[in-house]
Amino acid sequence: MAAEIAHNVHVALGERAYDILIGDRLLDHAGSILAERFPGRRYGIITDNMVAEAQLPRLLASLDAAGLSHSEIILPAGESTKSFAHLETAVEGILAARLERGDLVIALGGGVIGDLAGFAASIARRGMDFIQMPTSLLAQVDSSVGGKTGINSPHGKNLIGAFHQPRLVLADLSTLDTLSPRQFAAGYAEVVKYGLIDDEEFFFWLEEHQAEIFAGGPARGEAIARCCRHKARVVIEDEKELGVRALLNLGHTFGHALEKDTGYSDRLLHGEGVAIGMVLAHGFSARLGLAPSQDTGRISAHLKKAGLPTILADIPGALGSTETLMAAIAQDKKVARGALTFILTRGIGQAFIEKNVDGAAVSAFLDEMRGSA
Ligand SMILES: NC(=O)c1ccc[n+]([C@@H]2O[C@H](COP(=O)([O-])OP(=O)(O)OC[C@H]3O[C@@H](n4cnc5c(N)ncnc54)[C@H](O)[C@@H]3O)[C@@H](O)[C@H]2O)c1
Ligand SMILES: O=C(O)C(=O)C[C@@H](O)[C@H](O)[C@H](O)COP(=O)(O)O
Ligand SMILES: [Zn+2]
């Protein structure tokens with residue numbers, strides 16, 4: 001039986017163009033899809049222990065059925081895997097398997113595996129091709145698309161990495177059936193992000209269809225495809241984030257600082273940091289008189305309904321001082337000549353890039369938010 005590809009989103013990047021294939025049970029057809037698109041290659045699969053248990057057997061069976069040669073590297077699950085130590089394991093694993101420069105690395109997992117495996121592929125043998133097989137909601141709507149790869153540093157989130165586009169993205173909707181509810185909700189924060197950036201109609205549609213998306217109805221695939229189309233459009237326009245791509249960072253300046261502060265641990269997942277960060281970005285915009293404060297309340301209510309944290313007090317355990325958070329914000333990659341850049345907003349669907357944001361105003365706002373329950 002042929003694979004049922006429900007959506008094919010093309011990322012038109014010239015020599016680096018690729019397709020995002022979205023559909024049910026695509027993992028079971030991965031072997032035939034790869035054999036047709038990349039004849040004669042061998043495959044090095046990088047995954048984590050949880051995905052290895054839940055989804056790897058399906059991929060292996062499909063590669064075996066198509067007669068494709070493969071080897072596996074299994075890393076520990078969790079954000080702390082995005083480190084030099086695990087990058088080394090991944091790259092040495094690729095070399096130990098004698099994968100050649102013309103072979104393919106497969107990232108099977110969530111955004112952690114996608115970011116790390118993509119970075120490993122970008123440096124092994126000075127650059128190998130790789131394929132994203134995203135298995136978390138977050139990875140299917142965001143991290144598998146666009147070519148940002150990398151690892152974290154004690155100095156900050158994603159500070160070490162490279163732009164390296166995948167050759168193909170294969171998003172199997174059925175893999176989400178084994179994802180935990182907390183991880184699903186975390187990915188949903190990035191779904192909401194697309195509406196908040198410049199698509200208020202999508203945000204209103206999400207308000208209508210949230211329950212169906214969580215339950216796994218047809219709206220789920222539709223939402224994923226809409227997110228991929230949105231991201232593909234932005235990446236085609238600005239692959240290396242010289243301009244508009246920074247909008248995809250809505251909520252991330254705050255969120256990344258919080259992730260660093262909580263030690264890249266499961267105290268705060270990336271999507272959860274983004275949820276709080278988006279509420280803070282909207283609240284800060286309202287404080288500056290740029291956006292209506294009712295929008296902050298509406299966004300916060302929607303995220304809360306999805307089971308997401310929305311305020312600093314929702315993060316378990318003590319946070320570092322405001323100075324510590326501001327030091328993390330100062331390491332953000334959008335900082336230019338020492339000046340802070342934030343994605344601010346005039347309301348739902350009206351985000352914009354603001355350079356030269358006053359650090360003292362951010363710090364005072366954070367101080368206030370720490371006190372508010
Ligand atoms: N490169 C980008 O453009 C981009 C975009 C957004 C986020 N990110 C990065 O992505 C990371 C977060 O990704 P994530 O939320 O997918 O986290 P993750 O990769 O840690 O995956 C979430 C958890 O769910 C498990 N899991 C994944 N798929 C599963 C499945 N189908 N069944 C059972 N368990 C499964 C994983 O083992 C892990 O424990 C962060 O590091 C973030 O910085 C990158
Ligand atoms: O693809 C992008 O561009 C994004 O900003 C998407 C974000 O959701 C993602 O978390 C990304 O990794 C953040 O990028 P960074 O450059 O701030 O590390
Ligand atoms: Zn993100």
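## What surrounds the ligand

Sorted by class, the shell around ligand 1 holds 7 nonpolar, 11 polar and 9 charged residues. Here Asp, Glu, Lys and Arg count as charged, while Gly is among the polar ones. This is a predicted model, where local features need pLDDT of at least 70, side-chain atom pairs count only at pLDDT 80 or more, and totals for chains, interfaces and linings use all residues. Residues are numbered from 1 along each chain, and side-chain values use heavy atoms, with hydrogens and water left out.

In total, 27 residues surround ligand 1, each with a heavy atom within 4 Å of it. D48, G111, T135, S136 and T178 are the closest.

## Polar contacts and cover

Let's look at some polar contacts (pairs of N or O atoms within 3.5 Å). An N or O atom in the side chain of D48 sits 2.8 Å from an oxygen atom of ligand 1. E79 also places a polar side-chain atom 2.8 Å from a ligand 1 oxygen, and for K157 that distance is 2.9 Å.

On its own, ligand 1 exposes 870 Å² (Shrake-Rupley method, 1.4 Å probe), and the protein buries 92% of that.

## Where the shell comes from

Several elements give two or more residues to the shell, including α2 (49–54), β8 (156–163) and α7 (181–198). Helices here are DSSP runs (H or I) of at least four residues, and strands (E) of at least two. Domain 1 (5–178) and domain 2 (181–371) each supply at least three shell residues; their bounds come from an automatic or database domain assignment.

## A look at α7

Technical notes. Chains are lettered from A and ligands numbered from 1 in the order in which they are written. A polar contact is a pair of N or O atoms within 3.5 Å; within protein, one must be able to donate a hydrogen and the other to accept it, and residues adjacent in sequence count only if both atoms are side-chain atoms.
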